[in-house]
Amino acid sequence: MASDYGLSIRSSDVPSGFQFTPRPWLDLYGVSIKPFIHFGSVASKPFSDPALIHRSLPDELLHEVFARMTPYSLGRAACVCRKWRYTIRNPVFWRSACLKAWQIIGAVENHRIFQSTYQGSWRKMWLLRPRIRTDGLYVSRNTYVRCGTPEWKTSNPVHLVCYFRYIRFFHSGRFLYKNSSLKVKDVVKCMNFRALKADSVFGGRYTLSDDKVEVAIMYPGTRPTVLRIRLRLRGTTVGANNRMDLLSLVTSGVNDNELNGNEDNILGVVGGWQEDETHDPDVPAVSHRRGMTPFVFVPFEEVETTDLNLPVEMMDYFVTG
């Protein structure tokens with residue numbers, strides 16, 4: 001019995017409004033591809049979508065659902081079917097995502113870069129332009145060896161110490177920083193502005209220039225200390241932005257007169273300082289060279305399953321890639 005798909009189709013037999021891509025190599029096996037109607041085209045015969053969700057959900061409501069999804073969820077939804085793919089190509093979704101991701105730069109500057117660098121494509125701008133991710137935590141895992149107390153003068157034990165640096169960014173230009181030995185799944189619960197004092201979470205400001213990120217944190221106390229960090233964004237794939245190299249980490253002193261209530265915007269106070277500059281003789285500027293492991297991005301939905309939660313005896317090193 002001949003197969004139902006063994007019918008030969010000529011381009012002239014295809015009704016208007018339908019698309020047909022010839023594949024001559026399939027003729028060797030008696031197989032041909034059925035013509036399909038392009039989404040949004042007008043045909044002489046009304047097209048009925050076989051998918052139940054498309055028959056039940058109007059296109060207007062489907063557009064509203066996509067408008068409330070994150071860009072990463074939109075990327076997954078684009079793989080569902082051809083109709084969703086063409087719908088998600090709408091530049092409206094990517095325009096709102098880009099303006100939100102780079103809102104600290106300003107809408108006017110974003111539109112200038114959009115036209116001059118990315119040829120008027122918001123989706124291309126989202127994929128190729130370096131940006132800071134806000135849907136998770138950037139985590140730097142650091143280890144060092146510490147000598148223990150000798151026992152009976154015959155052995156000298158050593159301990160492998162593991163600690164983490166955590167950074168959570170926000171679109172508004174603010175960020176949260178925590179230095180702790182706790183695992184990711186335990187720290188993510190307190191990385192919010194309500195837990196600043198109780199859980200030793202420090203807040204500050206950051207700036208983004210191309211792929212360079214500069215942050216500053218104020219450590220309060222009798223001798224106020226500023227922690228200045230310079231980072232470089234990169235990604236393991238296009239548009240991932242899931243790695244940050246730690247370029248420099250400097251602690252220095254600041255004069256009380258310079259603060260004058262500007263603790264929340266400490267980056268504006270120390271933004272033009274040199275690396276070896278300090279404004280308090282009791283707190284010299286120190287450029288740290290240890291604990292410079294790159295930051296790895298962990299989305300919120302993966303904080304429970306990431307390998308960074310493994311104990312030291314099961315993962316005594318971590319390669320960030």
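Author: Keep in mind that this is a predicted model. Let's start with W126, which has a relative accessibility of 8%.

Reader: What makes W126 count as buried?
Author: The cut-off for buried is under 20% relative accessible area. W126 comes in at 8%, so W126 counts as buried.

Reader: Why are W102 and W126 called an edge-to-face pair?
Author: Rings pair if their centres lie within 6.5 Å, and planes over 60 degrees apart count as edge-to-face. For W102 and W126 the centres are 6.4 Å apart and the planes make an angle of 75°, so both conditions hold.

Reader: What does that pair tie together?
Author: W102 lies in the loop between α5 and α6, while W126 is in helix α7, so the pair ties together parts that are 24 residues apart in sequence.

Reader: What makes you say that a charge sits over the ring of W126?
Author: The limit for CZ of Arg is within 6 Å of the ring centre, and within 35 degrees of the ring normal. The charged end of R131 is 3.7 Å from the centre of the W126 ring, and it sits over that ring.

Reader: Which residue lies over the face of W102?
Author: That's R129, at 4.4 Å from the ring centre.

Technical notes: Residues numbered from 1 in each chain as written. Predicted model: local features only at pLDDT ≥ 70, side-chain atom pairs only at ≥ 80, totals over all residues. Heavy atoms only, no water. Phe/Tyr/Trp six-rings, centres within 6.5 Å; stacked < 30°, edge-to-face > 60°. Helix = DSSP H or I, 4+ residues; strand = E, 2+ residues; numbered from the N terminus. Buried < 20%, exposed > 50% of the residue type's maximum accessible area, 1.4 Å probe, protein only.
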